[in-house]
Amino acid sequence: MNSPDSPHPASPQAESHEAPEVTAAQFRDAILAKLVYAVGKDRRHALEHDWLIATALATRDQIVERWMVATRRTYRDGRKRVYYFSLEFLIGRLLLDALSNLGLVHTAREALAELGVDLDVLRKLEPDAALGNGGLGRLAACFMESLATLGIPAHGYGIRYDHGIFRQAMKDGWQIELPEDWLSSGNPWEFERPEVSYTIGFGGTVDAVPNADGTTRSVWRPADSVSAVAYDTPIVGWRGGHVNTLRLWSARAGHPIVLEDFNRGDHVGALAERVRLEAISRILYPSDDTPAGHELRLRQEIFFASASLQDLLRRHKAQHGELSSLPDHVAIQLNDTHPAIAIPELMRLLVDEHGMPWDFAWRITTAVFSYTNHTLLPEALEKWSVPLMEGLLPRHMQIIYLINALHLESLRRAGKTDPALVASLSLIEENHTRQVRMGNLAFLGSRRVNGVSALHTQLMRSTVFRDFNALFPERIVNKTNGITFRRWLFQANPGLTHLLSEAIGPRFQDETDRISDLAPLAGDAAFRARFAAVRRANKVLLARVIAERTGTSVDPDTLFDVQIKRIHEYKRQLLNLLETIALYQEMRAQPARDWVPRVKIFSGKAAAGYRRAKLVIKLASDVARVVNGDPALRGLLKVAFLPNYNVSLAESIIPAADLSEQISTAGMEASGTGNMKLALNGALTIGTLDGANIEILEHVGRENIFIFGLEAAQVAARRARGLEMAAEIAASPALAEALSALEAGLFSPDDRDRYKDLVADLRHRDWFMVCADFEAYRGAQRAVADLWRNRDEWWRRAILNTAGMGWFSADRTILDYAREIWDAVPLRPQTGD
């Protein structure tokens, strides 16, 4: 089969937006054919996994037809392509996603039923693709699906990790990291492209080679190299109208084995070089606590950036004959600073490999790149030591030096000579160790730089990029994140989707802003009852998951209070846990009060080297053990930490959540998308005025969200006064008692000192304002309990949350990018518009 990436891909059907309708009988026969000829099994002896592979392959065939059509149409029309560079693509399971977007769920269910197979059983067998960690990777996946839905030609570029981030397991309440084995049984969705391979170099020297005209050119002679081999996964949009490509790179050593060493008996050493080079695509975010780990991360970034650039330049040159028109046909979006090395790499390719003059190459580079910033945390704005860069990427370091020199010279000519300003704007940090600032490089090399919520963009302009914003006042723009309703409502919550379709018609499935038609029904008592019944059914399903994974039984009629996200101090799972401890102590002290029954549900992974975050997970486990085992509570409070949080687990939790915890320290969460997913499914939000919480408040109404705590400016002012929290603790007896309980080891009798340092930091070094916000958070939780007692009013507000979420569709976000950053034309501009 020709690759759909070729200018004239083969296709078995005439070009059309619509593929022929597939009957259940035809789909059944297609599955059987795949079972026999691709899996090699007779139906009488086929295992469930065999049926999964056969069904996936039959579904993939339906996508491929459309893939060919879409690619040929893009070549024919000469439309601008978007290239999305991301170190993560958290795509989750694909079977139901693909069937749903193709409109084949019922067809597949019927076809499989005729074969005695249950679709719901098969889809749960599919492993989550271990290609991401959290919101960054899930956003990239949502964007790829929306790009396809809107008919914008696009490629996603990343790394095909063998083992992804890690599989989280729990041992005595502690997180342990195990390798993810998502590829152990193969991946039926991908196409290996061994003919699409590029060489990526490392180390070596750079020689100045004379040209015939007396000038010189730089020639990089790498010390070693690795091949990047492409694997393509087709991404189909809603109703199958367009298909784009997710191209992931796998590292291959030039020589699989040193045969001479092997024959000498050194069987392990014969593979050492292969193992070293191919480690690039083994795992996502290898620990950088060691110099080797730090270098591996940089190798990963240049590996996928260089392969992707070589690939898109090859494609553009094959279609257009030359590279000067690149900005007319190519837009590259850098998803955070991880791919920022692509900027000097493109300069190297244009200048060194394609002989382009420096100034012309720089104009092209700054016209094709745009950069999405996802964080204001200094440690997340990557920096690479100059010695590491000079050793691993010597030519790139030369190019960065030259970009910086020309940049600083332009400042001097403009009269901007203040040393502090020049130091701030330089690409090189000259403190104790010289480092390359990748955030500054991404900003300088990009046409547009965007934040991902209104507050985040405002803070970008006033904090981390303040001086760059003064220099380039039009460059920073806002593009508030969005989510794909297809995954997070239609697939994750079919009961609610069916209810909405009955109540307001199915048009909202194509025009997401029409979900606002639901708002008047919030006043309809009968509809509120049906909405509540859907939620309860979802909570029954989640209760089973909790029992299976933790051994804890929970009542689906209690308030499900949910905090699901990466474990980090600024996300403040610790604040939630302290309030849980305070509530537990109050329940024990006042057993006769009318307490609202509640289940506290936590899930999320901590980075392998992030000790404090792993301690917070241990605290959640300790609190769960004590609370769940206390008969005095009579089941009024339960705590559950669900291990190995991923897309599939999120799809179980989100439709069942009553309360959505979005309680980050104000000014530190760039946007958040979990807040959008939960609100779309009718959860009420308790949160700070941070990230996209602010825009959610604007769209659902202040009375339908629980806002508490310091605002971003107040956080900065409180930090300026110091981090000692004695006054705040003295003013809150509940907080003082909770901290004392932790200090005394009441939740860690096996190690009474386990949380002493944690409590000391809260008392004297509370950077994340946990103590400062505790009483406000506790007050908001009391308001939550009061509203839950009036269940009818709760459901009215829940419905208004769902109705207010149309603006948060990823389709809207992508349309904004297309119009205001990429200058790309959607095939379906009316969707979500």
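Reply: Of the contacts (heavy atoms within 4.5 Å) in the protein chain with a separation of 6 or more, 76% join residues 24 or more positions apart. This is a predicted model, where local features need pLDDT of at least 70, side-chain atom pairs count only at pLDDT 80 or more, and totals for chains, interfaces and linings use all residues. Numbering runs from 1 along each chain as its sequence is written, and side-chain values use heavy atoms, without hydrogens or water.

Confidence comes next. Mean pLDDT (the predictor's confidence in each residue, from 0 to 100) is 95 for the protein chain, and 97% of its residues reach 70 or more. Residues 7-18 stay under 50.

Now take E126. It sits in the loop between α5 (119-125) and α6 (135-149); helices are DSSP runs of H or I, at least four residues, numbered from the N terminus.

What does the E126 side chain reach? A polar atom of it lies 3.0 Å from the backbone nitrogen of L94. The side chain also reaches the backbone nitrogen of L95, at 3.0 Å. Leaving out residues up to four places away in sequence, E126 touches L52, R93, L94, L95 and W189.

Burial extends well past this site: 61% of the 833 residues in the protein chain are buried.

Terms used:
Helix = DSSP H or I, 4+ residues; strand = E, 2+ residues; numbered from the N terminus. Polar contact = N/O pair within 3.5 Å; in protein donor to acceptor, adjacent residues only side chain to side chain. Buried < 20%, exposed > 50% of the residue type's maximum accessible area, 1.4 Å probe, protein only.
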